[in-house]
Amino acid sequence: MTKKDFIKIADSLGTFQHYLLDDEPSEDLIFEYRNLVDNIKVICKQSNSNFKRHLFEEQIQKTYKQHKNN
């Protein structure tokens, strides 16, 4: 996978976070979401050794915040 692929995945997770987690989610749902993100990060790192976890997380939060501000 390439950086563009990682950005698309992060954008999708940020959108998912906005629509799923903004309505007072349960602790279980928050845990499962974080687990999903962590598992995707592992897959991305296995796919490309240059994968930057912190940039991926930043992109997720950037997309999430863009949705909150709209």
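## Cover over helix α2

The cover over the buried residues of α2 includes α1 and α3. Helices here are DSSP runs of H or I with at least four residues, numbered from the N terminus. Buried means under 20% relative accessible area and exposed over 50%, with a 1.4 Å probe and protein chains only.

This is a predicted model: local features need pLDDT of at least 70, side-chain atom pairs count only at pLDDT 80 or more, and totals for chains, interfaces and linings use all residues. Residues are numbered from 1 along each chain as its sequence is written, and side-chain values use heavy atoms, with hydrogens and water left out.

## Helix α2

At 1.5 Å a residue, the 21 residues of α2 should span 30 Å. The end C-alpha atoms of α2 are 30 Å apart, which agrees. The expected span is 1.5 Å times one less than the number of residues.

Tyr-33, Val-37, Ile-40, Lys-41 and Cys-44 of α2 are buried. They cover an arc of only 105° around the axis, so they lie on the same side of α2. The arc is that of the directions from the helix axis to the C-beta atoms. Turned away from that buried side is a face with the exposed residues Glu-27, Asp-28, Phe-31 and Gln-46.

## Helix α1

Helix α1 covers residues 3-21. Its 19 residues should span 27 Å at 1.5 Å a residue, and its end C-alpha atoms are 26 Å apart, which agrees.

Which residues of α1 are buried? They are Phe-6, Ala-10, Leu-13, Gly-14, Gln-17, His-18 and Leu-21. Their arc around the axis is only 140°, which puts them on the same side of α1. They pack against α2 (27-47) and α3 (53-69). Exposed Lys-4, Lys-8 and Tyr-19 sit on the face of α1 turned away from its buried side.

## The α1–α2 contact

The axes of α1 and α2 come within 12 Å and cross at roughly 180°. Axes are lines fitted to C-alpha atoms, for helices over the stretch in contact, and angles run from 0 to 180 degrees between N-to-C directions. The two helices are therefore roughly antiparallel (angles over 145 degrees).

The contact (heavy atoms within 4.5 Å) includes Phe-6, Ile-9 and Phe-16 of α1 and Leu-29, Leu-36 and Val-37 of α2. The contact residues divide into 12 nonpolar, two polar and no charged. Ala, Val, Leu, Ile, Met, Phe, Trp, Tyr, Cys and Pro count as nonpolar, Asp, Glu, Lys and Arg as charged, and the others, Gly among them, as polar.

Notes. Angles under 35 degrees count as roughly parallel, over 145 as roughly antiparallel, 65 to 115 as roughly perpendicular and the rest as oblique.
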